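Hi there,

Here is the structure I promised to pass on. Please have a look at it first, and then read my notes below.

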Amino acid sequence: MGGTEHLTVQREGATLVLTLNRPQARNALSLPMLVGLYDGWLEADADDSVRSIVLTGAGGSFCSGMDLKALAGNGMAGEEYRDRLKADPDLHWKAMLRHHRPRKPVIAAVEGYCVAGGTEMLQGTDIRVAGESATFGLFEVRRGLFPIGGSTVRLPRQIPRTHALEMLLTGRPYSAREAAAIGLIGHVVPDGTALDRALEIAERINACGPLAVEAVKVSVYETAEMTESDGLAAELTRGWPVFDTADAKEGARAFAEKRPPVYKRA
């Protein structure tokens, strides 16, 4: 498994856990973190034994956004990774899930600060769990900046426009309860238990047919902006082939025999 000094990678059964690991800076984005994130997404995509991904942060925070000291010209840690960025100038956007969508479900486990670039990256995840004391928000306008990680496009498609615009235009913080009320996150749990809940959800996903799970995820996203008729046609294109797989037959047999299915991605 990969990883860098600011991004750790570990396996929990069929789940790949990516941990933003720069707690002294509330996990502000750094070049080593971005490189580790992108490599983690690629590792999950390439390994068929990985069926889900959990993204979390170390030290009681998720991510406080970009390293503003670096943005102000004070340099960024991890200069040894600069060649990776030169070879792929889009790497940081892929790492932040702006220009890359993993084929495996991504579950965010949020504690503490998830603001600015943290909230932007959150919008690229599929399922979201947060501790009660978590804080969300897009603070960019307060600093004279633009939330260029995708929020002006994605946020109004994920939550009601009035809430999206308030978050974008005021730059104010949101509690976990408020974030759940507007639909930005799905679960609020006691502090310190977000990762446990995310892993529980991942286990439920891992028990399902992996080909079916991946096809469902693709269908949801690719049909999101289609008309209903076009979306239904696209759904059939994605869905029907799943019924012809060995996994589908195994699922039916396991149900009839009242046993857990053993899926082989076939």
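**What I found**

Six bridges join strand S1 (residues 7-12) to S2, and the two strands run antiparallel. Before going on, a word on the basis: this is a predicted model, in which local features need pLDDT of at least 70 and side-chain atom pairs count only at pLDDT 80 or more, while totals for chains, interfaces and linings use all residues. Residues are numbered from 1 along each chain as its sequence is written, and side-chain values use heavy atoms, with hydrogens and water left out.

Helices (H or I, at least four residues) and strands (E, at least two) are DSSP runs, numbered from the N terminus. Two strands are said to pair if DSSP finds at least two bridges between them.

**The sheet**

Leu 7 has Leu 20 in S2 as its bridge partner. S1 and S2 make a hairpin with two residues between them, and Gly 13 in the turn has a positive phi of about 65°.

On its other pairing, S2 is joined by six bridges to strand S3 (residues 52-57), and these two run parallel. Here the bridge partner of Leu 16 is Ile 53 in S3. To get from S2 to S3 the chain passes through helix H1 (residues 31-46), and this β-α-β crossover is right-handed (with the strands pointing away from the viewer, the path from the first strand over the helix to the second runs clockwise). S3 in turn is joined to strand S4 (residues 106-110) by four bridges, again running parallel, and Leu 55 has Ala 108 in S4 as its bridge partner.

Taken together, six strands form an open sheet in the order S1-S2-S3-S4-S6-S9, with mixed pairing. S1 and strand S9 (187-189) are the edge strands, each pairing on one side only. On average, neighbouring strands of this sheet are turned by 20° against each other, direction ignored.

Why is S2 largely enclosed by the rest of the structure? Six of the six residues of S2 (residues 15-20) are buried (under 20% relative accessible area; exposed is over 50%, partly exposed in between, with a 1.4 Å probe and protein chains only). In a regular strand the side chains alternate between the two faces of the sheet. In S2 both faces are covered, with Thr 15, Val 17 and Thr 19 buried on one side and Leu 16, Leu 18 and Leu 20 buried on the other.

**A helix pair**

Helix H10 (residues 210-222) packs with helix H11 (residues 228-243) at an angle of about 180°, and their axes are 10 Å apart (axes are lines fitted to C-alpha atoms, for helices over the stretch in contact, and angles run from 0 to 180 degrees between N-to-C directions). That makes H10 roughly antiparallel to H11, a label for angles over 145 degrees. The H10 residues in this contact include Leu 211, Ala 215 and Val 218, and those of H11 include Ala 234, Arg 238 and Val 242 (contact means heavy atoms within 4.5 Å).

**Two single residues**

Val 115, in strand S5 (residues 113-115), is buried, with a relative accessible area of 4%. Beyond residues up to four places away in sequence, Val 115 touches several others, among them Cys 63, Thr 135 and Phe 139.

Leu 85 sits in helix H3 (residues 82-87) and counts as partly exposed at 23% relative accessibility. Leaving aside neighbours within four places in sequence, Leu 85 is in contact with Leu 31, Leu 91 and His 92.

Best wishes

Technical notes
Angles under 35 degrees count as roughly parallel, over 145 as roughly antiparallel, 65 to 115 as roughly perpendicular and the rest as oblique.
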